[in-house]
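The following exercises are to be worked through with the sequence and the coordinates at hand. Each task is followed by a solution in steps.

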Amino acid sequence: MSGNEYADIVLYNGQIINVITREIYTGSIAIKDKYIVLVGNCDDLIGPNTTVVDVTGKYLAPGFIDSHMHFESSMLTITEFSRLSIPSGTTTLIADPHEIANVLGPVGIKAMADEIKNVPNKVYLVVPALTPDSPKLETAGYDISSKDMEEILNYDNIIGIGELQGFSNAKHVYRNTPEIVTDLLASTMYARSRNMVVDGNAPSLFGKELAAHIIAAGGKASCHETTTKEEAVEKLRQGVYLFIREGSTQKNMAECIRAVTEEKMDSRRCILVTDDMLPADLEKLGHMNEVVRRTIKQGVNPVEAIQMVTINPATYFGLEDVGVLAPGKIADIVVISDLNEMKVEGVFIDGKLVASEGKLLIDLPSYTYPDLVKNSVKKGPISERDIEIRANGSTARVRCIVLIPDQNLTGKCEENLRVFNGIVLPDVSKDVLEIVCVERHGRTGNIAKAFVKGFGMKEGAFAESVSHDTHNIIAVGTNLKDIVVAVNRVIEMGGGIAIANRGRIIGDMRLPVGGLITDEMNGHEVSEKVAELERIVEQELGCKIHGPFMHLSFLSLSTSPEWKITDKGLIDVNEFKILSPVVE
């Protein structure tokens, strides 16, 4: 044989995880350039210049895929998210730039797509077909519709349409904004004509409403908003690809996986996703390996759990060159030393060792975004008068959003609060705080206010320009003064997070890219900074909920039941209407 016929690298004598047949057996993997050329006995491909890596006793799996996530929720650039996630075995990311799209439209989507060339892993975007998702109930920075699809879907690294949130509440969309259905169908038909995917978003949908949602997605849909076993069973029976979410503050896997462990349903359409991850969790816990580990703990066979982050998503997205260990596939390979604990020892991307023992081995230069996606906050300072909730008498009965830990769903309740000088006051003894949402895109100037339970704060306030999905400024606090101070600091920074107590700022962080992402710090620095701000909120304000900024950011998600707040007011999501914060 000539030297050119030998492998560049042979991973020798490992335990092959075959996600095609759901087997584990001893074998080697030969790599030439960036491709796998043989799996099994590779002795004949070992030449004088072949690098042989003895992986005896270790497991070899395809690189892991996160099939639904948002870089913006981590506040990290694609580069910094990759820096933190690659060492734990994630080699492919499917991201929905829904957040930056709501702020900046196609300009933001293209800027994110342009960054992809900066990273060694495989990153693809599935883009929103509609912003805002509830046009009559909220204000976005840009209104995306079918008119934008040809321009966006033909851009580099974009493979389809992301979550169809605008058609999540099927019954009320038909009743209140039927034009959305027509427009979404036009977008999905165009995407399907180009053989692109269309992701669904179907929280609590069953029967004919679920069927309508599947049809609107072009007949092949996914859903990452499933929260109960019953929903999981229904969606699998209807052919939906079940994106089982297990992120930093939205943890649905233990409940949804019961469709597999208890009902013995086929898991080929089950796909594990994170949706939203905090940088500290990426750094300390891991990424998809941690989600797989938790899934194994629920009684799922390890190889079956690995299928849910490899071959299953690759099949759904049509990614034919990744997701399995087989000849002709790209050599994205994870070396695992402990299968049940999912301890990742090494990571290969395109046939190159890029991470070992949790450390990135390659140079990954930082990325700076262009000015056209910065300075996105177009709102002047607010005053206490702007956020007063007024009522007559000495007490008022008010409506409260009820925060549910580790969910983006919320509850609802009513409480009696004291009224002083015509202003309804928060009451920390009842854990009732004021929550406000300030339109920041310069389109309406709306300021909405209501009440919320569940944070447990005793002092101060915090605000942020991250609030799903239209990303107006959202704030929660024990008093009006601190809320105003925190909101005005976010405005002054051009986007970010601010914490106030006793009339002064006690912590902040700039998010210059769309008011969502920082390109001024690396992933480790962002992780440390967010952890520092969380400690301040916990120790100085008395907040009881973990991940307080992410939990707050979902209280404006107008497509997720039951009550939320947008710049237009307190929203009854189930009934598609705006409520007064004070019960009349």
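A polar contact is a pair of N or O atoms within 3.5 Å; within protein, one must be able to donate a hydrogen and the other to accept it, and residues adjacent in sequence count only if both atoms are side-chain atoms. The model is predicted: local features need pLDDT of at least 70 and side-chain atom pairs count only at pLDDT 80 or more, whereas totals for chains, interfaces and linings use all residues. Residues are numbered from 1 along each chain as its sequence is written, and side-chain values use heavy atoms, with hydrogens and water left out.

**Exercise 1. Describe the surroundings of Thr227.**

Step 1. Locate the residue. Helices (H or I, at least four residues) and strands (E, at least two) are DSSP runs, numbered from the N terminus. Thr227 lies in the loop that links β11 (222-223) to α9 (229-237).

Step 2. Classify the accessibility. Buried means under 20% relative accessible area, exposed over 50%, and partly exposed in between (1.4 Å probe, protein chains only). Thr227 is buried because its relative accessibility is 16%.

Step 3. List the partners. The side chains of Thr227 and Glu231 make a polar contact at 3.3 Å. With contact taken as heavy atoms within 4.5 Å, and with neighbours within four places in sequence set aside, Thr227 touches Asn252, Glu255, Cys256, Gln407 and Leu409.

**Exercise 2. Determine the strand order and the pairing sense of the sheet that contains β11.**

Step 1. Apply the pairing criterion: two strands pair if DSSP finds at least two bridges between them. β11 and β12 (residues 241-245) are parallel and share two bridges; Cys223 is opposite Leu242 of β12.

Step 2. The order is β11-β12-β13 in an open sheet of three strands with parallel pairing. Its edge strands, β11 and β13 (270-273), each pair on one side only.

**Exercise 3. Which strands pair with β1, and in which sense?**

Step 1. Consider the burial of β1. Of the ten residues in this strand (residues 9-18), seven are buried, so it is largely enclosed by the rest of the structure.

Step 2. Take the parallel partners. β4 (residues 51-54) is joined to β1 by four bridges, with Leu11 opposite Val53. β5 (residues 59-62) pairs with β1 in the parallel sense over two bridges, and Tyr59 is the bridge partner of Gln15 there.

Step 3. Take the antiparallel partner. Eight bridges connect β1 with β2 (residues 23-32) in the antiparallel sense, and Gln15 stands opposite Thr26 in β2. The hairpin of β1 and β2 has four residues between the strands, and Arg22 in this hairpin has a positive phi near 60 degrees.

**Exercise 4. Characterise helix α16 by its span, its ends and its packing.**

Step 1. Compare the spans. The expected span of a helix is 1.5 Å times one less than its number of residues. Helix α16 (residues 480-493) has 14 residues and reaches 20 Å from its first C-alpha to its last, close to the 20 Å expected.

Step 2. Inspect the ends. At the start of α16, a side-chain oxygen of Asn479 comes within 3.3 Å of the backbone nitrogen of Lys481. Just after the helix, Gly494 adopts a positive phi of about 75 degrees.

Step 3. Identify the buried residues and their neighbours. Leu480, Ile483, Val487 and Ile491 are among the buried residues of α16. The buried residues of this helix pack against several strands, including β21 (432-438), β25 (496-501) and β26 (504-510).

**Exercise 5. What geometry do the rings of Phe167 and Tyr174 adopt, and what geometry do those of Tyr316 and Phe317 adopt?**

Step 1. State the criterion. Rings of Phe, Tyr and Trp (its six-membered ring) pair if their centres lie within 6.5 Å; planes under 30 degrees apart count as stacked, over 60 as edge-to-face and the rest as tilted. The structure holds nine aromatic pairs.

Step 2. Classify Phe167 and Tyr174. This pair is edge-to-face, at 5.6 Å centre to centre and 80 degrees between the planes. Phe167 is buried at 1% relative accessible area, whereas Tyr174 is partly exposed at 47%.

Step 3. Classify Tyr316 and Phe317. Their ring centres are 4.7 Å apart and their planes stand at 80 degrees, so this pair is edge-to-face. Tyr316 is buried at 0% relative accessibility, and Phe317 is buried at 8%.

Step 4. Extend to the cluster. Tyr316 and Phe317 belong to one aromatic cluster with Tyr241 and Phe243.
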